[in-house]
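Colleague: I am new to this structure. Please walk me through it, one feature at a time.

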Amino acid sequence: MNINNYIFSKAVFLVAIFHFHSCKESSVAPVEESQAGTSMESIVQLTDAQFKNAGLRVAIPEKRKVGHVIQLNGKIEVMPENTITISSPMAGFVRQIKWMPGMLVTKGQTLVRLEEKEYIQLQQNYLSAKNALSFAKLDFERQSELSKNQAVSDKVFQLAEEKVKQNQISLRALREQLKLIHINPETLSAENLTSQIVISAPVSGTITEVNVNSGKYVQAGDAMIKMIDNNGSRLVLKAFEKDLPYLKTGQNISAYSNTQSDKIRSGKVQYIVKSVGDQGFAQVICTLDGGSSEILPGTYMNADIESQSVEVWTVPTEALVTFEGKEYVFIEKGSKSYQMVEIKPGQTENGRLQVINYQVFADKKIVTNGAYTLLMKMKNVAE
């Protein structure tokens, strides 16, 4: 190959390389331009004519006291102290029971009647101890008179005194045993001894469980009936940790069930269990006005709690715009320029909206009228 052919080949190769790079750059540039045109800028610039027609107004955000309403949910529960178990005070045979779960009983109404000969023996022992105490007192009085006249030794007098004390102890113990089996020792006599005892309802309530039947023999301490106090139900709400600073006892609540949302029941926060459990919430115990006896335990309820007013940064509700599921306001940048920034809205009251992340517009003016006009301008520019 001569030198002229070699130089000509090199020149052709360099021209081809340059042409390839030129074609590649021309194919990439339009794609980048297309991608840049699909994004919407956060700043909008108005012309003099657009600014005049927009009728924009701006204002500085204000600190206002806004009522804080906390929405919680929970259910009606019976407090442990209002769940009652009726147990047998002594062993015996069940002679009468006519209750079934779901039945209502009133305080003092007979629940169970038990029978056993041991009841007679206990009453007999009590009456015998009562008589023994009477005789012991008479003997003590006699020995006391003799002791004054030195007609009896001190030892005899002391024994008489000790006998009175022992009989008093025995009688008191037997009296308490009779009370345990619901027999009044004050009215007991030899003429009204009974082999049966009556177990009455300690409160008015609802029967939830019956464990015995007529003729069954029960031991002392056996659970016979379970019931709940009609006025012992409470609304137990679930409060997350973020809500606890705004909750306190005595706050008013408005509660309603999912099935009767139109029936609002008022109430108050009774106390707060200030301990966050594994599921991330604490319990708020509430009472309902008029009692909760007509609401079945386990009923799910919703509640709005009126918290104390808190001073927060607010903007007029007209300043808020919504775009693609998020909330924004426009901040004045100067020279008819405005920037759209995302906010986290809080409570709303009297036309004012709480802004949680108020730092985004600190010491800045926001558009309070015409915000949606700016939004449309931005969308048109982006399109």
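Colleague: In what order do the four strands of the open sheet with β3, β18, β22 and β23 stand?

Modeller: Strands of a sheet pair through backbone hydrogen bonds, either parallel or antiparallel. In this case the order is β3-β18-β23-β22, with antiparallel pairing. Two strands pair if DSSP finds at least two bridges between them. Before we go on: this is a predicted model, where local features need pLDDT of at least 70, side-chain atom pairs count only at pLDDT 80 or more, and totals for chains, interfaces and linings use all residues. Residues are numbered from 1 along each chain as its sequence is written, and side-chain values use heavy atoms, with hydrogens and water left out.

Colleague: Which strands stand at the edges of that sheet?

Modeller: β3 (62-66) and β22 (345-349) do. Each has a single partner strand, so one side of each is left without a neighbour in the sheet. From one strand to the next, the twist averages 50°. Axes here are lines fitted to C-alpha atoms, for helices over the stretch in contact, and angles run from 0 to 180 degrees between N-to-C directions.

Colleague: How many bridges join β3 to β18?

Modeller: Five, and β18 covers residues 310-316. V66 stands opposite V310 in β18. Next, β18 and β23 pair over three bridges, again antiparallel. There V315 stands opposite L353 in β23. Three bridges also join β22 to β23 (residues 352-355). In that pair T348 stands opposite L353.

Colleague: What is the order of the open sheet that holds β5, β7, β10 and β12?

Modeller: The order is β5-β12-β10-β7, with antiparallel pairing. The edge strands are β5 (83-87) and β7 (104-105), each pairing on one side only. Five bridges join β10 (residues 205-210) to β12 (residues 223-229). T206 stands opposite I228 in β12.

Colleague: Now helices. At roughly what angle do the axes of α3 and α4 cross?

Modeller: Two packed helices are described by the angle between their axes and the distance between the axes. Here the axes of α3 (residues 117-148) and α4 come within 8 Å and cross at roughly 155°. That makes α3 roughly antiparallel to α4. The cut-offs: under 35 degrees is roughly parallel, over 145 roughly antiparallel, 65 to 115 roughly perpendicular, and the rest oblique. The crossing is left-handed, meaning the near helix is turned anticlockwise from the far one by less than a right angle.

Colleague: Is N167 buried or exposed?

Modeller: N167 is buried, with a relative accessible area of 14%. Buried means under 20% relative accessible area, exposed over 50%, and partly exposed in between (1.4 Å probe, protein chains only). N167 is found in helix α4 (residues 154-180). Leaving aside neighbours within four places in sequence, N167 is in contact (heavy atoms within 4.5 Å) with A129, A132, L133 and A136. A polar atom of its side chain lies 2.7 Å from the backbone oxygen of K163.

Colleague: And which residues does A59 touch, not counting those up to four places away in sequence?

Modeller: A59 touches K364, K365, I366 and T368 on that count. A59 is found in strand β2 (residues 57-59). A59 is partly exposed, at 31% relative accessible area.

Modeller: Five helices and 24 strands. Helices (H or I, at least four residues) and strands (E, at least two) are DSSP runs, numbered from the N terminus.

Methods:
A polar contact is a pair of N or O atoms within 3.5 Å; within protein, one must be able to donate a hydrogen and the other to accept it, and residues adjacent in sequence count only if both atoms are side-chain atoms.
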